Amino acid sequence: MILQFDEREIQQRLGSLDLSLRLAFALACAERLHPTYVRYCSVTGSGDVPGMRDLLDRLWREVSEKEMSDSEQKQVLQECMSLFPGEQEPTRPESGPTEDAVGALAYAIRCLGTSDPQEAVWAARRGYEAVDGFVVARNRINISEPDSEHLILSDALIQRELSRQARDLAEIEGTKKIDAGWVDSLRRRAQSEPSIDW
């Protein structure tokens with residue numbers, strides 16, 4: 001069976017979860033994209049890898065500690081927005097996925113300031129879209145062809161990302177205790193599973 005990105009289902013399932021669990025789901029999606037940002041910065045000599053890592057780590061701590069004030073949330077979001085590649089940067093194969101990496105992190109941050117699960121859904125969508133764009137470019141798929149969507153969806157990288165999102169969501173739904181150990185386990189697993197194989 002070919003998995004598809006079902007935004008409505010993800011939103012409904014996330015809607016029944018605690019805000020911290022939504023944040024954890026969004027962060028897992030953002031964390032898998034982090035290596036793309038690192039690669040982009042390495043190739044272009046621009047960006048802020050330590051800054052991106054610091055934001056991710058601060059948000060992972062927030063899942064269990066829940067200490068960030070509204071003003072801190074706004075500051076963290078501003079710091080994240082500064083990580084987007086500038087318009088003057090040359091377009092590279094990593095450019096689109098890098099924007100998705102920063103975008104997923106921004107949506108994860110925005111999870112903190114709302115009871116709407118849509119922010120976490122958008123983080124997952126950025127993960128899916130990053131891999132989708134990579135697959136289209138790598139395989140030189142003409143998206144105007146009738147079978148292009150099937151070719152993209154059936155690609156192993158797409159299926160792997162969708163499978164990981166589904167696994168994370170199912171695990172998060174079954175979580176009984178949000179503690180530092182559980183958060184660290186989820187974080188380390190996401191770090192070991194980059195969305196894109198460059």
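The structure is a predicted model, in which local features need pLDDT of at least 70 and side-chain atom pairs count only at pLDDT 80 or more, while totals for chains, interfaces and linings use all residues. Residues are numbered from 1 along each chain as its sequence is written, and side-chain values use heavy atoms, with hydrogens and water left out.

**Helix H3 and its ends**

- Helices in this briefing are DSSP runs of H or I with at least four residues, just as strands are runs of E with at least two, and both are numbered from the N terminus.
- At the N-terminal end, H3 is capped by Asp48, which places a side-chain oxygen 2.9 Å from the backbone nitrogen of Gly51.
- After H3 comes Lys66, which has a positive phi near 50°.
- The buried residues of H3 are Gly51, Met52, Leu55, Leu56, Leu59, Trp60, Glu62 and Val63, and they pack against H2, helix H4 (70-81), H5 and H9.

**Arg58 in H3**

- Arg58 belongs to helix H3, which covers residues 49-65, and at 24% relative accessibility Arg58 counts as partly exposed.
- When neighbours within four places in sequence are set aside, Arg58 is in contact (heavy atoms within 4.5 Å) with Met68, Val76 and Glu79.
- With Glu79, the side chain of Arg58 makes a polar contact of 3.2 Å; such a contact is a pair of N or O atoms within 3.5 Å, where within protein one must be able to donate a hydrogen and the other to accept it, and residues adjacent in sequence count only if both atoms are side-chain atoms.
- Between Arg58 and Ile178, which are 120 residues apart along the chain, the C-alpha separation is 16 Å.

**Asp100 in H5**

- Asp100 sits in helix H5, residues 95-111, and with a relative accessible area of 9% Asp100 is buried.
- Apart from neighbours within four places in sequence, the residues in contact with Asp100 are Leu33, Arg126, Glu129 and Ala130.

**Salt bridges**

- The count of salt bridges is 23, each defined as a side-chain nitrogen of Lys or Arg within 4 Å of a carboxyl oxygen of Asp or Glu.
- One of them joins Arg32 to Asp168, with 2.8 Å between the closest N and O atoms; because Arg32 lies in helix H2 (residues 19-44) and Asp168 in helix H8 (residues 156-173), the pair ties together parts that are 136 residues apart in sequence.
- Arg32 and Asp168 are both buried.
- Within H3, the side chains of Asp57 and Arg53 form a salt bridge at 2.9 Å, N to O, and because these two residues are four apart in the helix, about one helical turn separates them.
- Asp184 forms a salt bridge with Arg187, with the closest N and O atoms 2.1 Å apart; both residues lie in helix H9 (residues 180-191), three residues or about one turn of the helix apart, and Asp184 is partly exposed, with a relative accessible area of 24%.
- Salt bridges that share partners also link Arg32, Glu161, Arg164, Arg167, Asp168, Glu171, Arg189 and Glu193 into one network.

- The structure holds two aromatic pairs, where rings of Phe, Tyr and Trp (its six-membered ring) pair if their centres lie within 6.5 Å, and planes under 30 degrees apart count as stacked, over 60 as edge-to-face and the rest as tilted.
- Phe5 and Tyr128 form a stacked pair, at 5.2 Å centre to centre and 5° between the planes; since Phe5 lies in the segment before helix H1 (7-15) and Tyr128 in helix H6 (residues 118-139), the pair ties together parts that are 123 residues apart in sequence.
- Phe5 and Tyr128 are both buried.
- The pair of Tyr107 and Trp122 is tilted, because the ring centres are 5.4 Å apart and the planes stand at 45°; with Tyr107 in helix H5 and Trp122 in helix H6, this pair ties together parts that are 15 residues apart in sequence.
- Trp122, at 30% relative accessibility, counts as partly exposed.

Conventions
Buried < 20%, exposed > 50% of the residue type's maximum accessible area, 1.4 Å probe, protein only.
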